[in-house]
Amino acid sequence: MRIGINLLSVIPGKIGGMEQYVRNLLSYSMNAGDGKTWFLFLTNHNFHTFESQSNVHKIMIPENANAHQLFHHWIRTLKLDLWFCPLLVLNPADVTIPSVINIPDIQHEYYPQFFENHALRWRLENYKSSAMRSSAVLTLSQFSRQTILQKYGLPAHKVHAIHLDASKEFSLPFDEGLNQHVIQKYQLTPGYGFFPANTWHHKNHLNLLKALVILRQKYDLRIPMVFTGFAQEANQSVVNFISQNQLWDQIKWLNYVPQGEMPYLYKNAGFLCFPSLFEGFGIPLVEAMRSQIPITSSNCGSIPEVAGDASLLFDPAMPEDIAMKLAAILLPEIRDDLIAKGIKQAKRFSWEKCARETLAVFRSVVRK
């Protein structure tokens, strides 16, 4: 099977968990040794971040080129059997060979107010039409699968829920030298709460920050927090809230952190707090399980499905509830119970399983 993959939208370090999905899925799939040949369609900003090998070929699409025409040219010239768009929509939309897309979630159908007008319009114009045109739709959880089926009216056999895993860095042996480097580089005091997320509106930073204020004002409890991630649409309101409520003394904001250092930010954390309002999966949940730290998180979206009983759940719209769960997760008996459950829950996830199930979908659409 000759598979073409549209990777033009992979912007290194900028697209959150979906970058980890793409890189880990491709790594495990391309090493399956099953006779497939892969053609990666890349551009200037990511060409150097993917490796060629005997069964993997890289093709540069110049940023100022007519990508639509070039895609069709290469699809014909390379005699591709399958076209895979792992990031949201089918491009080109009029591809004439079997095609598979990945829609991680359809948040815009539930929280349109979180999107700027042009972004919302683009999603409304492209998501459903891509799902209708493609041969199969992948998504990341049963929650997302059900929302896609409900909103888009697709036949059930066309939409496939395939769970992810934490990135491969979380399965590497512990490196004390690197651990000390990370502690010193970021001046970490172990035991902090951790929340890795770009400041998109749905990540719900503000209600977490409000919970910290409640704990400080009502209970004289100051929980230190470490945040990572790029500035996005909600960033200014987040920064303003921190400043207005004098929270900088208990918050450390690290922005982008190299992927190889992330396991050590987890390992030195006291817990993960994941207050997101809407998730198609939630890779940080599995990263925390692999790091053997306890989790407190939202009770909505895909989060209960992924976390199982390994998280202390809260209502993400209620800062008071978040505050109570933050206080509870500091108790040793609750921490120990959640860590043990997380170790068990993490066994449900693997990139080998993700790759195997994805390749099965590829084979099914090509046979048809």
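Modeller: Strands (E, at least two residues) and helices (H or I, at least four residues) are DSSP runs, numbered from the N terminus. Two strands pair if DSSP finds at least two bridges between them. The model is predicted, so local features need pLDDT of at least 70 and side-chain atom pairs count only at pLDDT 80 or more, while totals for chains, interfaces and linings use all residues. Residues are numbered from 1 along each chain as its sequence is written, and side-chain values use heavy atoms, with hydrogens and water left out.

The domain assignment (automatic or from a database) divides the chain into domain 1, residues 2–165 + 351–367, and domain 2, residues 168–347. UniProt, in an unreviewed entry, places the feature "domain: Glycosyl transferase family" at residues 197–343; such annotations may be inferred rather than shown by experiment. That span is 46% helix and 13% strand, and its end C-alpha atoms lie 23 Å apart.

Start with strand S9, residues 225–228. Met225 and Phe227 point one way from S9, Val226 and Thr228 point the other way, and all are buried (under 20% relative accessible area with a 1.4 Å probe, protein chains only; exposed is over 50%, partly exposed in between). S9 has a parallel partner in strand S8, residues 193–196, with four bridges between them. In this pair Phe195 stands opposite Phe227. S8, helix H6 (residues 205–219) and S9 form a β-α-β unit that is right-handed; with the strands pointing away from the viewer, the path from the first strand over the helix to the second runs clockwise.

S9 also pairs in the parallel sense with strand S10, residues 251–253, over three bridges. Here Phe227 is placed opposite Trp253. Helix H7, residues 235–244, sits in the chain path of another right-handed β-α-β unit, made by S9, H7 and S10.

S11 (residues 271–274) and S12 (residues 295–298) run parallel and are joined by three bridges.

Leu326 is in contact (heavy atoms within 4.5 Å) with Leu208, Ala211, Leu212, Leu215, Ile223, Phe271, Cys273 and Thr296, leaving aside neighbours within four places in sequence.

Finally, the relation of domain 2 to the rest of the chain. The centres of domain 1 and domain 2, taken over C-alpha atoms, are 29 Å apart. In the contact between them, domain 1 supplies 25 residues and domain 2 supplies 21 residues.
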